[in-house]
Amino acid sequence: MRVYVRECRICGKTFEATQASSRYCSDECRREGNRISSRLRKQKAKMRIYPNRELLDMAKEASKRGLSYGEYVAKLSANRREATELE
Ligand SMILES: [Zn+2]
C-alpha cells in the first residue's frame, strides 16, 4: 500500500495518508475543513441574490446622471428615506 506524505490544510502538520486525496490529518481537522467550505458555499449563495446585471445597470444609470456609483446609491437610499417619512 502506498503512503503519501501530506500537509494538513487546517493545522499545517504533515501526516501520512493512504489516499492521495487526503487533505486533513485527523477527523477534527476534517470537520473544521468541512465547516469552512460549507461557509464559503453559503457566502457564494448569498452573492447570487444581487446579480451582477443589476449592479451593471445601476452603474450605467449613475454615469448617465454624472454620478459615481457610490453617490448614486447614496442618493437612492436618501430618496427612499424621504418617501417613507412622507407616508
Ligand atoms: Zn490537522
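Tutor: Two strands pair if DSSP finds at least two bridges between them. Helices (H or I, at least four residues) and strands (E, at least two) are DSSP runs, numbered from the N terminus. This is a predicted model, where local features need pLDDT of at least 70 and side-chain atom pairs count only at pLDDT 80 or more, while totals for chains, interfaces and linings use all residues. Residues are numbered from 1 along each chain as its sequence is written.

Student: What makes β1 and β2 a pair, and in which sense do the strands run?
Tutor: Strand β1 (residues 4–7) and strand β2 (residues 14–17) are joined by 4 bridges, and at least two are required, so they pair, in the antiparallel sense. Tyr4 has Ala17 in β2 as its bridge partner, and Val5 has Glu16.

Student: What lies between the strands of that hairpin?
Tutor: There are 6 residues between β1 and β2, and Gly12 takes a positive phi near 80 degrees in this hairpin.

Student: Which pattern does the chain follow along the sequence?
Tutor: The order is β-β-α-α-α, from 3 helices and 2 strands.

Student: Why is Cys25 called buried?
Tutor: A residue is buried if 20 or more other C-beta atoms, placed from the backbone, lie within 10 Å of its own. Cys25 has 20 within 10 Å, so Cys25 is buried. Buried residues make up 2% of the 87 residues in the chain.

Student: Where is Cys25, and which residues does Cys25 touch?
Tutor: Cys25 sits in the loop between β2 and α1 (27–47). Leaving out residues up to four places away in sequence, Cys25 touches Cys8, Cys11, Lys13 and Phe15, where contact means C-beta atoms, placed from the backbone, within 7 Å.

Key. A residue is buried if 20 or more other C-beta atoms lie within 10 Å of its own, exposed if 12 or fewer, and partly exposed in between; C-beta atoms are placed from the backbone. Two residues are in contact if their C-beta atoms, placed from the backbone, lie within 7 Å.
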